Amino acid sequence: MMFPIERMSSFSTSVSFKHRAANVGSPRFSRKTWVSRLFRSLIVIGSLISFFLAIGCGYIYVLPNLTYAFHDHDYRFSNFSSSTHACDLFDGLWVLDDSYPLYNASECPFVEQGFNCFANGRMDEDYLKWRWKPKNCDIPRVNVGRVLETLRNKRVVFVGDSMSRTQWESLICLLMTGVEDKESVYEVNGNMITKQIRFLGVRFSSFNFTIEFYRSVFLVQHNWAPKNVPKRVRSTLRLDKLDDISREWIDSDVLIFNSGQWWVQGKLFETGCYFQVNNSVKLGMSISTAFSTALQTWATWVDNMINPEKTRIFFRTFEPSHWRNLTLRQCDVSKLPLSEIEGKDFSPFSDSVFEVVKNMTVPVTVVHITPMSAFRSDAHVGTWSDRPSLSDCSHWCLPGVPDIWNEIVLSYLLREDH
């Protein structure tokens, strides 16, 4: 718009100059020239005002919408945004917060006795007071009432090992704080919460939803050894076949997986368990390769069996332990979180999850808790379990670190439900 105005002004000035040179000294000409110049100046000024008004209106209307669009994209990508950077939820630090813990484990009937450290004699309470703070944002404090309404008429399913069961217990206890009639929350089969049972389901009858746990420590099938294999092979993991209880996971609304703690020599080769693909036993296959192969089987199952329009999928990464000597079961639980994590923020199991998920068709959110959990040597069960003679630097006290994992998962769900 400025270009035509500039051309018109230049042309008019040139003509006026020639005309003025031919009529110098004429009073009539001077008055007419002055009026003409004033008129043209008003036109130019009016045009400029109109132009800047148009730009201003465009800025007011268009730019905020563009800004919202970009911020919304960042929010959807990482589930959080800040004024300067898209927020990485998993890059941060632990800060003391007296508003924690989020519940009293002794008032929740779904916490295993072995995880209720305070009731088992732990006297210090600092381990209960730490909140995870990402660098460029905050994890929203859980609005329990809103979560209960969001989960109404739904199924939340956890699949994995005992760490998954701990997170399952944590979520139930957290949500029970918003339920007036505690008797309306119950295990569907009347079972006690123990590690021996492959299925546990707690129903929130007032809201018609269940939070379920399926014990599947490897995610793939664990079978007796086939015929004609070396004697040392007592059982195999069928890396090409997902666990036979996987059919129970399909019709869920939220599906949260984890695996990794059992993928160690002590629970595999030392017990006579090796890897199998189709009809071939892979005696020389490494644990890391086997884990990646199993994850590929899991990913194919998810892509083929899960409807992403119904089911929201999460995969929680590996949880670091803090043993001083695992062989001797020696464990030093610190009073405060570590300041140096000594490489525990990395895990090949976590890396494998990222590698597999990035090639999947169905969206999967990786809840990368490895770095944040690496600091929390203070939050393990230690000797404050139901078996104090066996120190435990793998599992976590409740309330504790698994509550933060759930806060992150719930923040994703509430953001998408908004």
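Start with the seven strands that form an open sheet, in the order β4-β5-β6-β3-β9-β12-β15, with mixed pairing. β4 (185-187) and β15 (364-367) stand at its edges, and each has a single partner strand, so one side of each is left without a neighbour in the sheet. Ignoring direction, neighbouring strands here are turned by 15° against each other on average. Keep in mind throughout that this is a predicted model.

Next, select β3 (residues 155-160) and β9 (residues 254-257) within that sheet. These two strands run parallel and are joined by four bridges.

Helix α4 (residues 162-176) lies across β3, β4, β5 (199-204), β6 (209-215), β9 and β12 (312-316). Relative to β6, α4 runs at about 165°. A further helix, α5, lies across β9, β12 and β15 and runs at about 170° to β12.

Select β7 together with β8 (residues 235-242). Their pairing is antiparallel and runs over five bridges. Histidine 222 has leucine 237 in β8 as its bridge partner.

The crossing of α5 and α6 is right-handed. Which residues make the contact? On the α5 side, select Ile287, Phe291, Ser292, Leu295, Gln296, Trp298 and Ala299; on the α6 side, select Phe349, Ser352, Val353, Val356 and Val357. Coloured by type, the residues of this contact divide into nine nonpolar, three polar and no charged.

Stay with α6 and look at what is hidden. Phe349, Ser350, Ser352, Val353, Val356 and Val357 of α6 are buried. These residues cover an arc of only 160° around the axis, which puts them on the same side of α6. The buried residues of α6 pack against α5, β12, β15 and α7 (370-374).

Tryptophan 94 stands opposite tryptophan 132 in β2. Is strand β2 (residues 130-134) largely enclosed or left open? Four of its five residues are buried, so β2 is largely enclosed by the rest of the structure.

Finally, show everything again. The protein has eight helices and 17 strands. Of its 418 residues, 47% are buried. Among the contacts with a separation of 6 or more, 75% are between residues 24 or more positions apart.

Notes
Residues are numbered from 1 along each chain as its sequence is written. This is a predicted model: local features need pLDDT of at least 70, side-chain atom pairs count only at pLDDT 80 or more; totals for chains, interfaces and linings use all residues. Side-chain values use heavy atoms; hydrogens and water are left out. A crossing is left-handed if the near helix is turned anticlockwise from the far one by less than a right angle, and right-handed if clockwise. Contact means heavy atoms within 4.5 Å. Ala, Val, Leu, Ile, Met, Phe, Trp, Tyr, Cys and Pro count as nonpolar, Asp, Glu, Lys and Arg as charged, and the others, Gly among them, as polar. Two strands pair if DSSP finds at least two bridges between them. Axes are lines fitted to C-alpha atoms, for helices over the stretch in contact, and angles run from 0 to 180 degrees between N-to-C directions. Buried means under 20% relative accessible area, exposed over 50%, partly exposed in between (1.4 Å probe, protein chains only). The arc is that of the directions from the helix axis to the C-beta atoms.
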